[in-house]
Amino acid sequence: MEHMVAMQAATLPSSFFCVTAPSTCSSSRSSGALFAQRCGAGQLSLLNERGAQRSLSKRKNAWRCAAATEGKQVGGKNQMLVYVPPHPLIKHWVSILRNEFSPPPMFRSAMAELGRLLIYEASRDWLLTVNGEVNTPCGVAEVEFIDPREPVKVVPILRAGLVLIEQAASVLPANQTFHLGFVRNEETLEASMYLNKLPEKFEEGARILVADPMLATGGTIVSALEEILKRGADISLIRVVAAVAAPPALKLLSEKFPGLRVYVGMIDEELNEKGYIVPGLGDAGDRSFGTA
């Protein structure tokens, strides 16, 4: 992976790291507010550009930055890593999702495209491969394939998780899908499970990809991961993909699941009184299926 810059929030536990910026970055400190990184002409931070500017006056703690290069581990086994890929296509599809005037077909398409890109990022240095040889029109070539005997276990959290992993098969040559359904109580904000299609036990070394578009309070994703771990999964082999996340969910995940890897399109700064991410993108399920 290219040179990365990892941003760690002073308000979050030391088990939380956020990897956001690409190569050729230089950094400068904004005392007591935000530790932003400049890459070329643009600026990247844990928040989106407008959110960062809006929240400078509200933030009391600085964001701290630590760098890592290819081949070196960012953080350690007891730290949860959150990756925010800086690719412009990811920003584009997040922007389509944010727009309240995007109709359900456009919203679904944007969610699926975002999911495809996040799955691509999440599968880097994670998939099992086999080596071999093939005959080309001009000779013999040494090749490397994804091992078909070790399919990735894809776990979408219904409803909108289905849309986020819609194009998973176009990225993962070998995969199996196991569904989990949760519904959130709008008064208590607690999640309850209504569907569980997980296997009784995951085989040793299973790679598991969990898709939950919105990581807000963290209740749903925590419940889902607990169900998966009950079945013998290794937290270090689990990848979570999400469209948007908020600090409360990331803080909770980092406390409960050291070693987890989370890949998100954007991290927003807060939740409203209903537990929705602000500015967020609304209810991903309702907007995907036109049931708002």
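A search of the whole structure finds two cavities of 30 Å³ or more. A cavity is a set of points, on a 1 Å grid over the protein atoms alone, where a 1.4 Å probe fits but cannot get out, and its lining residues have an atom within 4 Å of a point. Grid points are joined across faces, edges and corners, and a volume is the space filled by probe spheres set on the points. The second largest cavity has a volume of about 60 Å³. Its lining includes Leu127, Leu128, Glu150 and Arg207, and divides into seven nonpolar residues, one polar and two charged.

The model is predicted: local features need pLDDT of at least 70 and side-chain atom pairs count only at pLDDT 80 or more, whereas totals for chains, interfaces and linings use all residues. Residues are numbered from 1 along each chain as its sequence is written, and side-chain values use heavy atoms, with hydrogens and water left out.

The chain holds eight helices and 19 strands; these are DSSP runs numbered from the N terminus, helices being H or I with at least four residues and strands E with at least two. Of the 292 residues, 47% are buried, that is, under 20% relative accessible area with a 1.4 Å probe and protein chains only.

Two nonpolar cores are described below; each is a set of buried Ala, Val, Leu, Ile, Met, Phe, Trp, Tyr and Cys residues joined through side-chain atoms within 4.5 Å.

| Core | Size | Members include |
|---|---|---|
| Largest nonpolar core | 36 residues | Leu97, Met111, Leu209, Val241, Leu281 |
| Second, separate core | 33 residues | Phe178, Leu225, Phe257, Ile267 |

Leaving aside neighbours within four places in sequence, Val241 is in contact (heavy atoms within 4.5 Å) with residues including Leu118, Leu209 and Tyr263. Leu209 lies 41 residues from Ala168 in sequence, and their C-alpha atoms are 9.9 Å apart in space. Ala168 belongs to helix α5 (residues 168-171) and counts as buried because its relative accessibility is 4%.

Strands β8 (residues 129-136) and β9 (residues 139-146) run antiparallel and are joined by eight bridges. They form a hairpin with two residues between them, and Val130 has Phe145 of β9 as its bridge partner.

Conventions
Buried means under 20% relative accessible area, exposed over 50%, partly exposed in between (1.4 Å probe, protein chains only). On a 1 Å grid over the protein atoms alone, a cavity is a set of points where a 1.4 Å probe fits but cannot get out, and a pocket is an open set with protein on both sides within 12 Å along at least five of seven lines; lining residues have an atom within 4 Å of a point. Ala, Val, Leu, Ile, Met, Phe, Trp, Tyr, Cys and Pro count as nonpolar, Asp, Glu, Lys and Arg as charged, and the others, Gly among them, as polar. Two strands pair if DSSP finds at least two bridges between them.
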